[in-house]
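Dear colleague,

Please find below the structure that I am handing over to you. My notes on its contents come directly after it.

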Amino acid sequence: MRLKHIEVFNALMLTGTVSGAAKLLHVTQPAATQTLQLAEMQLGYQLFTRQKRRLVPTREANELYVEVQKLMTQLESVKRLSVALGKNDATKSLRILIVPSLAVRALPDALSVFRKRYPNIAISVRSMHSNEIARAIALQEADVGIVYGSVMNAGLNEEHIATGRLVCVSRVGKRGDDRRSTVALEDLMREPFIRIDEMDPLGAMLADQFTRMGLQPVVGMSVQTHHIAMVFAEQGFGPAIIDSFTAKATQVAELHVRTVIPEIPVEVRALMPRGEISQRPVADFIEAMRAATISA
């Protein structure tokens, strides 16, 4: 099948009608029909049968569509990269991707320093999760990404920014709180607590730690971001295990922060497209982020 055959086939699978596929591809209905007929002629079998003005995929079409979806995803990545390459000019703008929790406190602190040196540069900030940031940076959709941990992507350069640790936060006077500066991980397992979803790199790291220690946690809540976990802890829903960088962003004086024992390190890293020579603004932004997070 040629690429135009695949595009029409994909559009037909998505819309179910020739008219819908034609509108999706911005072509005429006769052109879409002819392309489908040529594809079926080349393949030697039918891809659709017509039932009540709709096209119903054959068994062969459904099996083929699994691979076509993968191809269309790759084509979309090519399109995104081609657009990004035309917009990439870090001397005039700085496009930042950052995990949500670090966007609350560390990023504003870093940008306040960065702005003094670059008062006129256009800054774009998007908050995403670490894995999403890695994919976007590889496609050069941004100049720099700030993530937790190492993503181990061959298409990226990584630069260490800071190392923190996992901490337990809880509201003073609520269950699970005490005056110690540390708390053993096994002690936290005895009461329900707020934890990060395992799709998050730090959530996965904590789950791995549980397995290594043979612990079975009693989870009261599972949330998507460290900042949400901290807000719930601030409101007294129970203790939460988050990173020390996020804990630094609290505005609640009654929030008690304790280091989790055994101490579990948390790294913050900057991601850049591999093979790219970092522009001066990118390097200066990374240094500002390092200064903003190093004391956490």
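Predicted model: local features only at pLDDT ≥ 70, side-chain atom pairs only at ≥ 80, totals over all residues.

Residues are numbered from 1 along each chain as its sequence is written, and side-chain values use heavy atoms, with hydrogens and water left out.

Because five of its five residues are buried, β5 is largely enclosed by the rest of the structure; buried means under 20% relative accessible area with a 1.4 Å probe, protein chains only. Val144, Ile146 and Tyr148 point one way from β5, and Gly145 and Val147 point the other way.

Two strands pair with β5 (pairing requires at least two DSSP bridges). Strand β3, residues 93–98, is parallel to β5 over three bridges, and Ile96 stands opposite Val144. Strand β12, residues 265–273, runs antiparallel to β5 with four bridges; there, Leu271 is the bridge partner of Gly145.

The model has two cavities of 30 Å³ or more. A cavity is a set of points on a 1 Å grid over the protein atoms alone where a 1.4 Å probe fits but cannot get out, and lining residues have an atom within 4 Å of a point. The largest cavity holds about 50 Å³, volume being the space filled by probe spheres set on the points, which are joined across faces, edges and corners. Its lining includes Tyr148, His129, Asp200 and His226.

Kind regards

Conventions. 1 Å grid on protein atoms, 1.4 Å probe; cavity = no way out; pocket = protein on both sides within 12 Å on 5 of 7 lines; lining within 4 Å. Buried < 20%, exposed > 50% of the residue type's maximum accessible area, 1.4 Å probe, protein only.
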